[in-house]
Amino acid sequence: MELYVESKREIFPRFYFLSFEDLIQILSNSENKDVISLHLKTLFDGIVALEFKDDVILKMFSKEKEAVELSKPIKTRAAVEVWLLNLSEEMKSTVYKKLKEGQKVYTDEGRKDWVLQHPGQVVAAVAQIQWCYNSEDAISGM
């Protein structure tokens with residue numbers, strides 16, 4: 001049993017964050033997305049829920065109930081460790097794309113509207129990027 005669990009952890013390393021009992025619960029209920037959803041907070045920092053439509057994941061939700069639509073829906077017909085790995089990669093890809101979009105359309109004039117149109121993580125990151133740009137400009141202008 002332990003070799004089986006270890007093989008699943010090698011495929012999806014985030015399983016190391018779970019206790020042996022929790023991991024067994026996920027693996028034995030791999031078709032039950034409600035059981036898997038109970039462990040999202042442990043597996044992914046900041047993600048507490050997913051939106052499923054049939055066998056596809058469409059959105060991820062933060063504890064603040066902010067929804068972010070995945071750029072590419074994730075099919076959940078594969079083994080749980082495989083689709084969780086695909087979800088992890090798509091989460092990163094989606095946030096990266098949204099970060100690039102947010103940076104591209106950022107303006108100081110329309111900042112209030114911009115903040116409301118983008119996910120919180122994008123707003124925080126782009127604000128830091130802009131602060132760095134503005135600091136560099138100020139320092140080089142001395």
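Predicted model: local features only at pLDDT ≥ 70, side-chain atom pairs only at ≥ 80, totals over all residues.
Visitor: Are helix 1 and helix 2 roughly parallel or roughly perpendicular to each other?
Guide: Helix 1, which covers residues 2-11, packs with helix 2, residues 20-28, at an angle of about 80°, and their axes lie 11 Å apart. Angles of 65 to 115 degrees count as roughly perpendicular. The two helices, helix 1 and helix 2, are therefore roughly perpendicular.

Visitor: How many charged residues does the contact of helix 1 with helix 2 have?
Guide: Helix 1 contributes Glu2, Tyr4, Val5, Lys8 and Arg9 to this contact, while helix 2 contributes Phe20, Leu23, Ile24 and Leu27. Sorted by class, the contact of helix 1 with helix 2 has 6 nonpolar residues, no polar ones, and a charged count of 3.

Visitor: In which hand does helix 5 pass helix 7?
Guide: Helix 5 (residues 80-104) and helix 7 (residues 120-140) pack at an angle of about 50°, with 9 Å between their axes. That angle makes helix 5 oblique to helix 7. The crossing of helix 5 past helix 7 is right-handed.

Visitor: Which residues of helix 5 make the contact with helix 7?
Guide: On the side of helix 7, the contact is made by Gln121, Val122, Ala125, Val126, Ile129, Gln130 and Tyr133. By class, the contact of helix 5 with helix 7 has 7 nonpolar, 4 polar and 1 charged residues. From helix 5 the contributors are Val95, Lys98, Leu99, Gly102 and Gln103.

Visitor: Which element gives the largest share of the lining of the largest pocket?
Guide: The largest pocket holds about 430 Å³ of space, and of its 19 lining residues, the closest to the centre are Asp45, Ile47, Met60, Val95 and Gln121. The elements that give two or more residues to this lining are strand 2 (56-61), helix 5 and helix 7. The largest share, 5 residues, comes from helix 5.

Definitions and conventions: Residues numbered from 1 in each chain as written. Heavy atoms only, no water. Axes fitted to C-alpha atoms, helices over the stretch in contact; angles between N-to-C directions. Helix = DSSP H or I, 4+ residues; strand = E, 2+ residues; numbered from the N terminus. Parallel < 35°, antiparallel > 145°, perpendicular 65-115°, else oblique. Left-handed = near helix turned anticlockwise from the far one by under 90°. Contact = heavy atoms within 4.5 Å. Nonpolar A, V, L, I, M, F, W, Y, C, P; charged D, E, K, R; others polar. 1 Å grid on protein atoms, 1.4 Å probe; cavity = no way out; pocket = protein on both sides within 12 Å on 5 of 7 lines; lining within 4 Å. Points joined across faces, edges and corners; volume = space filled by probe spheres on them.
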